[in-house]
Amino acid sequence: QVQLVESGGGSVQAGRSLRLSCSVSGYTYSTYCMAWFRQAPVKEREGVASIDSDGSTMYRDSVKGRFTISKDNAKNTLYLQMNSLKPEDTAMYYCAADRRSCTVVRVAAPGAQYEYDYWGQGTQVTVSS
C-alpha cells in the first residue's frame, strides 16, 4: 500500500525558510514522478514543483528561484526547501506521486491535481507579514 507522510510545516515570518519532507513507502519510489502541491483556503489545489525519476525538475513560476525540490532515494524521502517565504505561500502543502513521467503529469498545468494517483495528508505552512 502506497503511503506518503508529510512533515516540516509551521508558522514563520515573511522572508524566512522552511523545509518540508515527505516520507514514502509501499512502492518503487525512485521510478515515480514526485511532486508538491498546495491549497490555500477557498482556492484550488495547485502544483508547486515536481521531480522526475531522472532528477529533472519543474516549478510553477511564482516559486522559481525560491523553492527547491529534491529527493533522497536511499531514504525514500522527498523534500521541498522553501526560502524567502511570502504570505501568499500560506497553504496546506501536499506530497503527491504518479507512476507516469513528470513530463506527462505537468505539475503547473491547470487540473494537474487530478492526474496524480497518490497523496499525503498535508502539512500546514503559514507565513505572516
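I take a salt bridge to be a side-chain nitrogen of Lys or Arg within 4 Å of a carboxyl oxygen of Asp or Glu. I note that this is a predicted model, in which local features need pLDDT of at least 70 and side-chain atom pairs count only at pLDDT 80 or more, while totals for chains, interfaces and linings use all residues. Residues are numbered from 1 along each chain as its sequence is written, and side-chain values use heavy atoms, with hydrogens and water left out.

I looked up the total, and by this rule I have 8 salt bridges.

I then turned to Asp-98, which forms a salt bridge with Arg-100, their closest N and O atoms lying 2.9 Å apart. For accessibility I use relative accessible area, calling a residue buried under 20%, exposed over 50% and partly exposed in between (1.4 Å probe, protein chains only). Asp-98 is buried at 0%, whereas Arg-100 is partly exposed at 35%.

Glu-46 pairs with Arg-38 in a salt bridge whose closest N and O atoms are 2.7 Å apart, and Arg-38 counts as buried at 6%.

Glu-46 also forms a salt bridge with Arg-60, where the corresponding distance is 3.5 Å. This pair links distant parts of the chain, since Glu-46 belongs to strand β5 (residues 46-51) and Arg-60 to the loop between β6 (57-59) and β7 (67-72), 14 residues apart; strands here are DSSP runs (E, at least two residues), numbered from the N terminus. Arg-60 counts as buried, with 19% relative accessibility.

Key:
Helix = DSSP H or I, 4+ residues; strand = E, 2+ residues; numbered from the N terminus.
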